[in-house]
Amino acid sequence: MAATKTTTKTKTTAQRPRAARPSENVFTDEERAAVQETARERKAHARLSPEEERKAGEQEVRAKIAEMPAPDREMGERIHALVTKTAPVLLPRTYYGMPAYAKDGKVIAFFKPKSKFKVRYATFEFQPDASLDDGEMWPVSFAVTKLTPRVEARIAELVKKGAG
């Protein structure tokens, strides 16, 4: 009788090297603080009348601007005055802890000071509900390094258009 050789195949699981786990701190401290601020902002405004909301929003925006370091504070004050004069229909409020301007409950534009996320320059930005559409592509975020009369005129033009 011939001997047969039997082979048993054993299934082994190949150990794959573990993918590098993402850091548990996906967001920076500043980003986490901004998210917490927006939750507080939404709760605070949920039950206010339009008049109360405007008054509270104005106070919050002024308080946030007052907390900023001098260069951001000066720019924030000038932008706030410009936006409220240019588009009084927009409601001042805070958005992730930044001065913002809303219409029909939706933020249209906001000022992001450079100190907020420790970046190189401040920006003035528009949300999708702003009426800035211009063809197939248009800017919605503008770096602001200095408020000159020309820059102020451009911001005013964009705010008017964005407020629709």
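Of the 26 residues in the largest nonpolar core of this predicted model, I79, L90, F124, F126 and V159 touch the most other members. A nonpolar core is here a set of buried Ala, Val, Leu, Ile, Met, Phe, Trp, Tyr and Cys residues joined through side-chain atoms within 4.5 Å; buried means under 20% relative accessible area, exposed over 50%, and partly exposed in between, with a 1.4 Å probe and protein chains only. At least two residues of this core come from each of α2 (50–67), α3 (70–86), β3 (106–112), β4 (122–126), β5 (141–144) and α4 (149–163). Helices (H or I, at least four residues) and strands (E, at least two) are DSSP runs, numbered from the N terminus. The element that gives the most to the core is α4, with 5 residues. In soluble globular proteins, nonpolar side chains tend to be buried together. A second, separate core of 5 residues includes Y95, M98, A100 and V107.

Residues are numbered from 1 along each chain as its sequence is written. Because the model is predicted, local features need pLDDT of at least 70 and side-chain atom pairs count only at pLDDT 80 or more, whereas totals for chains, interfaces and linings use all residues; side-chain values use heavy atoms, with hydrogens and water left out.

Helix α4 has 15 residues and reaches 21 Å from its first C-alpha to its last. This span is close to the 21 Å expected at 1.5 Å a residue, the expected span being 1.5 Å times one less than the number of residues. The buried residues of α4 are I155, A156, L158, V159, G162 and A163. An α-helix has 3.6 residues a turn, so residues three or four places apart point the same way. The cover over the buried residues of α4 includes α3, β2, β3, β4 and β5. After α4 comes G164, whose phi is positive, near 60°.

Strand β1 (residues 91–95) pairs with β2 in the antiparallel sense over 5 bridges, where pairing requires that DSSP find at least two bridges between two strands. P92 stands opposite Y101 in β2. The hairpin of β1 and β2 has 2 residues between the strands, and Y96 takes a positive phi near 55° there. Antiparallel pairing also joins β2 and β3, over 4 bridges, with F110 in β3 as the bridge partner of A100. In the hairpin of β2 and β3, which likewise has 2 residues between the strands, D104 takes a positive phi near 55°. Strand β2 (residues 98–103) is largely enclosed by the rest of the structure, because 5 of its 6 residues are buried.

Strands β4 and β5 pair in the antiparallel sense over 4 bridges, and A122 stands opposite V144 in β5. The covered face of β5 carries F142 and V144, and the uncovered one S141 and A143. In a regular strand the side chains alternate between the two faces of the sheet.

R93 lies in strand β1. Although buried, R93 has no salt bridge, and the nearest side chain of opposite charge, E53, is 4.7 Å away. A salt bridge is a side-chain nitrogen of Lys or Arg within 4 Å of a carboxyl oxygen of Asp or Glu; Lys and Arg count as positive and Asp and Glu as negative, while His and the chain ends are not counted.

Note on methods: Contact means heavy atoms within 4.5 Å.
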